[in-house]
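Me: I would like to go through this model and check what stands behind each term. Please set each value against its definition.

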Amino acid sequence: MVVGEVAVETDVVVIGGGPGGYAAAIRLGQLEKSVVLIEKEVLGGVCLNRGCIPSKALIHTAGEYHKLSSLNKLGIQLPTGKATFHMPSWQTWKSSVVDQLNKGVDYLCQANNVTVVKGKATFLSSDRIGVETGNDFETYKFKQAIIATGSRPYIPSFLKTDGEYILDSTDMLALDEVPETLAIIGGGYIGMELGMAFAKLGSQVTIIEATEHILPQTAAHLSQEVLKQAKQLGMTVKIATKVEQAEVANGSVTLVCTSEKNGSESITVHKTLVTIGRVPNTGELGLAQVGVEMDERGYIPVTSTGSTNKSHIYAIGDVTPGPALAHRATKQGIVAAEVIAGLPSSVDSPYVPYVIFTEPQIAGVGMTREEAELQGHKVKAAVFPYRANGRALAMDEGEGFAEVIVDQESHLLLGMHVVGADASNLIGEGVLALELAARVEDVALTMHPHPTLSEVWLEAAEAVLGHAIHVVNKSKVAVSK
């Protein structure tokens, strides 16, 4: 390794070692490109270290803990005494999961000849990048670069986090004890996921959402199922409510909120989590020096290949406009790597699935009924309830439904959405069906194994066609011959 004025030459530098960046670097290694992956913290990025994996570890634990209270009706008699939750032990287990995945990413980088450099990167020119590595400064000369620096929580100035009372999601997942009372500003997917998890662990949770319903990124009839469960967990949900002020005093946080319904009111809690959006990490990369364009919010516009306005510089993941999802970043990273290696590759699919790990889970791909109608489709839709699925009832998971959205004339599937147990895994069938431009008959005629939750798709598709077996059919559409 050459340090200082003499630049190390490489085919590609990838800035950021999250799910998009390390996937791009590994794919470049597979395609025999020399590649330097620059990460200022830990491989895996926010997703692996402070986001997806830690939060799902907490959600899984909270779900298991909560189930203990309902095992009696299944005939399981627990020892007398109340179960307890020890958060420091959970932190140890969570760290072991994250460490295992970190080591796996590091091993894969090594196996694919990816040079990993720990440090903070800044563009020096259109073909050079500098990296601060502790007390040293290294320079790399590249042919192509991929920007994959991700995003961070958006925190308004009046809600400045202090890591003790006003927290962001990273702080929240590092707690050593469950707060007795917790307010969450933002009823989006992070707020609802963590809110429900902490409610199951014993917190009195208040959700404060500025829009008219929680999970505003989903259809209202899907989020309604989550709202019902939130109330059963004892959570307080305030919609159309804005937080105007926050004050920390005497070991608690007092929030002043306003709404048309309740006017001004104060809420005092032990902890407050702020989760109202994210902003791209593009401000300290020196992009202006190389002429990479950004929009007014700091996002980098890209083509379907991930190329920026500078054709040899690519951007992927949360720094580009679109949903901040790890699987989207990974796809973009692989495409950018393949294009750099001269392969025909493109992110040309409109089907980006979403998964929300609330209670119950929500997942979907493609259009909602409302979106399909706005695009001019004559729509036929049907739902199949979990309570009519044998496997769901045998699991004591009878809440929720699967919904299939179909173009009435062509029978092409336009959208598939599911709210209920294991929705996060069930949506895989929906993604594949839409990617293959399947018709509703393709799902209805496919033999699904019994007894499984996957049968909800079969029956929803059959319901669209008017011949579902396990529900009364309300209507039919003509079947093409």
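Me: Among contacts between residues at least 6 apart in sequence, what share joins residues at least 24 apart in the protein chain?
Reply: The share is 61%, where contact means heavy atoms within 4.5 Å. This is a predicted model, in which local features need pLDDT of at least 70 and side-chain atom pairs pLDDT 80 or more, while totals for chains, interfaces and linings use all residues. Residues are numbered from 1 along each chain as its sequence is written, and side-chain values use heavy atoms, without hydrogens and water.

Me: What makes a residue count as buried, and what percentage of the protein chain is buried?
Reply: Buried means under 20% relative accessible area, with a 1.4 Å probe and protein chains only. By that cut-off, buried residues make up 50% of the 481 residues.

Me: Which domains does the assignment give, and how many residues of domain 1 and domain 2 are in contact?
Reply: The bounds come from an automatic or database domain assignment. It gives domain 1 (8-153 + 279-341), domain 2 (166-276) and domain 3 (354-465). The centres of domain 1 and domain 2, taken over C-alpha atoms, are 27 Å apart, and 19 residues of domain 1 are in contact with 16 residues of domain 2.
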